[in-house]
Amino acid sequence: MKIVNTFLVILLALVYHQAEAQFQQAPLPYAYDALEPHIDARTMEIHYSKHHAGYVARLNKALEKSGKSPASLEAIFKDITAYDAAVRNNAGGHYNHTLFWSVLTPSRTKPSKALRAVVERDFGGMDKLREAFLDAASGRFGSGWAWVIVTPEKTLAVTSTPNQDNPLMQDVRERGTPVLGADVWEHAYYLNYQNKRGDYLEALWNIINWDEVSRRYEETL
């Protein structure tokens, strides 16, 4: 009975700690196998339940150690130089992955009329946007991300960042609001595509959630 009671105390403490954690990982919006054959179920499971979950846990631990309680991830990024590398890397990892899951879908979607118009204006069409985005993603040396952003001037641009940085951070070279992001860390594709990042990126373009990208763009107007 004493062992059972001890186990219950530990379990309740863990639940309480998770409930009190400053940041939480949202549920994946589809099943692990929903994006096959473009992204396999095993990669999705490891990516979401190990890598992303790890960023969230380490972020909460780093913030607890720092004694700071920022209101949001965006608040961290606006003042990123006030935080140490642990907060930077893990806050970026949490935000970037949350966005990444949202801009992928097993359903067929199309860009909104407003998004198509601005893509035509700033890139010369969807094919040109695709080319620029895949070039940025394949050209990112080492680990990092490729982005489509809305700049402060309200134009669309393609950029990339190293590690878990993103364009919301106050000290990155090209700042803006991300509407589309691609994870080019090897853990995102290595099980299925090995070293063929280009093949992974080509497959990724087939499962972009243009409804979500369009929504994110229209929120910036």
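I take contact to mean heavy atoms within 4.5 Å. I take helices (H or I, at least four residues) and strands (E, at least two) as DSSP runs, numbered from the N terminus.

**Entry 1, the model.** I note that this is a predicted model: local features need pLDDT of at least 70, side-chain atom pairs count only at pLDDT 80 or more, and totals for chains, interfaces and linings use all residues. I number residues from 1 along each chain as its sequence is written, and side-chain values use heavy atoms, with hydrogens and water left out.

I looked up the elements and found nine helices and three strands. From the N terminus on, their order is α-α-α-α-α-α-β-β-β-α-α-α. The radius of gyration, taken over C-alpha atoms, is 19 Å, close to the 17 Å that the globule rule (2.2 Å times the number of residues to the power 0.38) gives for 221 residues, so the protein is as compact as a globular protein of that length. I class a residue as buried under 20% relative accessible area, exposed over 50%, and partly exposed in between (1.4 Å probe, protein chains only). Of the 221 residues, 47% count as buried.

I found 14 residues in helix 6 and a reach of 20 Å from its first C-alpha to its last, close to the 20 Å expected at 1.5 Å a residue; the expected span is 1.5 Å times one less than the number of residues. Met126, Leu129, Phe133, Leu134, Ala136 and Ala137 are buried in helix 6. Seen down the helix axis, these buried residues fall within an arc of 160° (from the directions from the axis to the C-beta atoms), so they line one face of helix 6. Asp127 and Gly139 are exposed on the other side. The cover over the buried residues of helix 6 includes helix 5 (113–123), strand 1 (144–150), strand 2 (156–162), strand 3, helix 8 and helix 9.

I looked next at helix 8 (residues 197–205), where Arg197, Tyr200, Leu201, Ala203, Leu204 and Trp205 are buried. Among the elements that cover them are helix 4 (85–102) and helix 6 (126–139).

I count a salt bridge when a side-chain nitrogen of Lys or Arg is within 4 Å of a carboxyl oxygen of Asp or Glu. The whole structure holds nine salt bridges. Glutamate 202 and arginine 130 form one of these, at 2.3 Å from N to O. Glutamate 202 lies in helix 8 and arginine 130 in helix 6, so the pair ties together parts that are 72 residues apart in sequence. Glutamate 202 is partly exposed at 37% relative accessibility, and arginine 130 is partly exposed at 28%. I also noted a network of salt bridges that links Glu212, Arg215, Arg216 and Glu219.
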